[in-house]
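Here's a quick look at how this structure is put together. Have it open alongside as you read.

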Amino acid sequence: MNEQTIPASGTPASGKTGYNFAYLDEQTKRMIRRTILKAVSIPGYQVPFGSREMPLPYGWGTGGIQVTASVIGPDDTLKVIDQGADDTTNAVSIRRFFARTAGVATTDETGEATVIQTRHRIPEEPLKHGQILVYQVPIPEPLRWLEPRESETRKMHALQEYGVMYVRLYEDISKYGHISTAYDYPVIVNSRYLMRPSPIPKFDNPKMDNNPALQLFGAGREKRIYAVPPYTSVKSLDFKDYPFEIQKWEEDCALCGAENSFLDEIIIDDQGGRMFVCSDSDYCQKRREAGYRGKDPSAPRGNELLDDAAESA
Amino acid sequence: MYVAVKGGEKAIENSLKLLAEERRGDSNVPVLTLEQIKSQMAIAVDRVMTEGSIYDRDLAALAIKQAQGDIIEAVFLLRAYRTTLPRFGVSKPVDTAKMAIRRRISATYKDLPGGQVLGPTYDYTHRLLDFDLADHHVNRPEAAPTAPRAVADGMPRVTDILNSEGLIEEEATEPETRQVADLTREPLDFPADRDVRLQNLARGDEGFLLALGYSSQRGYGNTHPFAGEIRMGKVSVEIEPEELGFAIDIGDIQLTECQMINQFQGTAETPPQFTRGYGLAFGQCERKAMAMALVDRSLRSRELGEETTSPAQDEEFVLYHTDNVEASGFLQHLKLPHYVDFQSELELVRRLRGEYEARRQQTAE
């Protein structure tokens, strides 16, 4: 984010769209920035805000879009990913939205981006100081499926009453022998607030801890924003005798051979044939450019299959 | 094929083109005009304005056309437009006692000052398909005769009549200058005041309110309602610009208002009296206004010291789930790719099944 380049209040509409820069009016952005400042000051605390009705549907990233619109300036470079990939339909749609309403540069490259909006993943490439990672959050409240009432869960946070979550994890262990939460795995931020890391796979949880980038979480429909400031501790809940652990695959990425990235499973026929490829499309691409190869480097990614179909149609 | 969800920019563009083509339909059929929608699908327009919470018949008609008649999609279009509009000011409360009445009925009195005025209603139609309407050459129905005498001016509201006897609770006594909450600017907070609840219900999905109101009638938190009065007609909207110091009329809007009268046993502090449930909608949305009035009264159980045991009385349950734009978006987001989460679950289920199998073999040995 470059402070000087954010237009002052009342700056007329950008370009030909007839809307203000990055769609939201400056008063709304100011309200959201105030919310973000509060969220950064109380890491992991969900700050209510006057979420606006956006021209994209609720549940499709309206919180992330409002946060991005409030922190982005004309000199920023935006990357948008969904499931780790830049070419998933909704990522394409959101990137187009900002290209259209803010005219900002967009990129697929994690290292190039100053603002990265994401759904369900944290990029494999480590983030840098000065970058902002904006998460789209469907349900911000980590206790929601244990207690449906907002009036109750707010009290539980105030009293740091998180025993119920530990009990849930304990019940998993007693039933299955280990914690059976695979994504949306609860964390404690800055040794205080229980936080829902949006539904990223628990594979990504360790990346949140002490990260040099600013992590902002926007939940539009639920009207909440929360944050993890740079270099803040984020600890996944666990027990001494059952320490937190992340998923492992027996396979490596079929395209680039990566051993430590999160893999998508691609079904390649109806006979049970499948291949595993990096969910982070930019990371995979970079590795292949650097000469790394998996066991099936020529295999098409899912989107290429589709594009081919579109070509021939 | 699931991988098809991973589509490029081109796929989206082509989909949009296909949608535009489908919306137009057969090009040998004349294009539907906004005038036609406004005048011949007026009740759909009213619903879209009500739930879209903006009074603009032209934009609502446009939204309906753009959404191919999908009412919730039309509401969404209108809402997304509304959110960009500047706020010039807050109107004075509209005075429905001064409504230019087009319809006014009461189920609690056989006759009352001003009388019962049926107006245009589906209530007494027999629901037989009218095949004459299928023939677009028959375009002029028999003219409705004019009433022998003009509808009374300034018809008193039934609740005001009851109030003169002290049989019904007073209307909210808060001063007009109190700032009214606005859910489109500030998030919901609990416990929610009645202004917030009413705004939420007014914007809420008609189908959801209908079901909730119905549930209260079937015993899930019965409120013993009587339709004290339903009135529909035009009221004038006034604003009082600060620099002017007096109110000016900025135009008329059509409203449907429903005042439900509900039994109340009274408490140690309050004598038995009737209580109110209130419903208000743009245009001609009578079902919505009535359902809203039932749910409004149900939601007042906390304030009236009644037991809250049913869904319609539970404000967190009701207020968080009325909004069909929120609900529709979140429900349909399930179409978005979830393969990262799903992959995590797959890995887990495979592991659990492996462990299950191992245990089974162990016990078999």
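First, a working rule: two strands pair if DSSP finds at least two bridges between them. Bear in mind too that this is a predicted model. Which residue is the bridge partner of A:Val189 in S10(A)? That would be A:Val234.

Zoom out and you get an open sheet of three strands in chain A, ordered S7-S6-S10, with antiparallel pairing. Strand S7 (193-195) and strand S10 (234-236) sit at the edges, each pairing on one side only. From one strand to the next, the twist averages 35 degrees.

## Nonpolar cores

The largest nonpolar core holds 58 residues, and A:Leu216 and A:Ile225 have the most contacts inside it. Leaving aside residues up to four places away in sequence, A:Leu216 touches A:Ile36, A:Val67, A:Ile132, A:Val134, A:Ile225 and A:Ala227.

Another core, of 46 residues, lies apart from that one; among its members are A:Tyr58, B:Ile64, B:Val158 and B:Leu201.

## Where the chains meet

How many residues does each chain bring to the contact? Chain A puts in 50 residues and chain B 40 residues. On the chain A side, helix H3 (89-101), helix H4 (150-158), strand S11 (263-267) and helix H8 (302-312) each supply at least two residues. H8(A) gives the most, with six residues.

Sorted by class, the side of chain A that touches chain B comes out at 21 nonpolar, 17 polar and twelve charged residues.

How values were computed. Residues are numbered from 1 along each chain as its sequence is written. Chains are lettered from A and ligands numbered from 1 in the order in which they are written. This is a predicted model: local features need pLDDT of at least 70, side-chain atom pairs count only at pLDDT 80 or more; totals for chains, interfaces and linings use all residues. Two residues are in contact if their C-beta atoms, placed from the backbone, lie within 7 Å. Helices (H or I, at least four residues) and strands (E, at least two) are DSSP runs, numbered from the N terminus. Ala, Val, Leu, Ile, Met, Phe, Trp, Tyr, Cys and Pro count as nonpolar, Asp, Glu, Lys and Arg as charged, and the others, Gly among them, as polar. Axes are lines fitted to C-alpha atoms, for helices over the stretch in contact, and angles run from 0 to 180 degrees between N-to-C directions. A nonpolar core is a set of buried Ala, Val, Leu, Ile, Met, Phe, Trp, Tyr and Cys residues joined through C-beta atoms within 7 Å. A residue is buried if 20 or more other C-beta atoms lie within 10 Å of its own, exposed if 12 or fewer, and partly exposed in between; C-beta atoms are placed from the backbone.
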